[in-house]
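Please open the model in your viewer and keep the selection panel at hand. The stops below go from one selection to the next.

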Amino acid sequence: MLRRASMLLACRPILAARARPFSTDLPAAPSADATFTEAWTKVIPNMDPPKTPLSFMQPRPPTPSSIPSKLTVNFVLPYASELATKEVDMVIVPATTGQMGVLPGHVATIAELKPGVLSVHEGSEMTKYFVSSGFVFIHANSFADIIAVEAVPLDRLDVNLVQKGLAEFTSKLSSATTDLEKAEAQIGIDVHSALNSALTG
Amino acid sequence: MASNAAVPFWRAAGMTYITYSNICANLVRNCLKEPYKTDALSREKVHFSISKWTDGKPEKPTLRTDSPEE
């Protein structure tokens, strides 16, 4: 009985993989539903049919057959959009698995970010931001969406506050009792040491 | 299938990702230089009113102004 269950599990994903392509390979959904617009104009010929969110969105470009020369980056924060469809040569993101360099043609990846430095390379210029945490979604068509809760250029950080914070959290870790306090102190140490190495390194 | 291999230390201590992410963001904001620091902290302030409901009726609402540390 268990063998049959595992056989079913093994067969199912293969069929699913064949039937469901990645989102960048699907044709773009039509922005206006034809049956709806017809029904609307029959009943209310004087008013334009309402626009749906899909008509405001630009469909994502499909995966080109040859590797594009530039990476298109969308770097957004909750309160602002730092870079919107900017074409760059490379970005280096601080993923939890280490500093990850993203070039055009990178394999589609979802990576969680740890507190660290994000650098955007365009020609000979490089802009660095310190990112608190977030995610990066790299799509097969060389689009990268970087979302962060807080990202600041390095020159807005104060070295003294960083070192004071590091000392404070190191002492908090030694005096912490519950698991939660220890976790918070450890987070403080991680963030402050990342800030420190970003400012001094 | 791997069953929850190595969980991050904050998850093991019972913290959710959102809490972790907000703590990291607050720590970074507290290390900013002066005009940016007050801008960031004022941007993240919330001001809201809560009212508990009993027997289908709202009680007197309380106003709360929480700063990002909480």
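**First stop: chains A and B**

Select both chains of this predicted model: chain A and chain B bury about 2200 Å² between them, with 72% of that area on carbon and sulfur atoms, where buried area is the accessible area (1.4 Å probe) that two parts lose on being put together, summed over both. Now pick out A:Glu150, A:Arg156 and A:Ile187, which supply 26% of the area that chain A buries against chain B, more than any other three residues. In terms of contact, meaning heavy atoms within 4.5 Å, 29 residues of chain A meet 21 residues of chain B.

Before going further, note that residues are numbered from 1 along each chain as its sequence is written, and that chains are lettered from A and ligands numbered from 1 in the order in which they are written. Because the model is predicted, local features need pLDDT of at least 70 and side-chain atom pairs count only at pLDDT 80 or more, while totals for chains, interfaces and linings use all residues, and side-chain values use heavy atoms, with hydrogens and water left out.

Between chain A and chain B the count is 2 salt bridges.

Strand 8 (134–138), helix 4 (159–175) and helix 5 (179–200) of chain A each supply at least two residues of the side that touches chain B, and the largest share, 11 residues, comes from helix 5 of chain A. That side of chain A divides into 15 nonpolar, 6 polar and 8 charged residues; here Ala, Val, Leu, Ile, Met, Phe, Trp, Tyr, Cys and Pro count as nonpolar, Asp, Glu, Lys and Arg as charged, and the others, Gly among them, as polar.

**Second stop: the two domains of chain A**

Select residues 67–154 of chain A as domain 1 and 157–198 as domain 2, bounds that come from an automatic or database domain assignment. Their centres, taken over C-alpha atoms, are separated by 26 Å. About 470 Å² is buried between these two domains of chain A, and carbon and sulfur atoms give 80% of it. On the side of domain 1, show A:Pro115, A:Phe130 and A:Leu154, which lose the most area to domain 2, together 81% of what that side buries. The count of salt bridges between the two domains of chain A is 0.

Which side chain meets A:Lys70 in a salt bridge? Select A:Asp89, which pairs with A:Lys70 at 3.0 Å, N to O. A:Lys70 lies in the loop between helix 3 (53–56) and strand 1 (71–76) of chain A and A:Asp89 in the loop between strand 2 (81–88) and strand 3 (90–95), so the pair ties together parts that are 19 residues apart in sequence.

Finally, centre on A:His106, in the loop between strand 4 (98–102) and strand 5 (109–113) of chain A. Leaving aside residues up to four places away in sequence, A:His106 touches A:Met100, A:Gly101, A:Ile138 and A:His139.

Definitions and conventions. Salt bridge = Lys/Arg side-chain N within 4 Å of Asp/Glu carboxyl O. Helix = DSSP H or I, 4+ residues; strand = E, 2+ residues; numbered from the N terminus.
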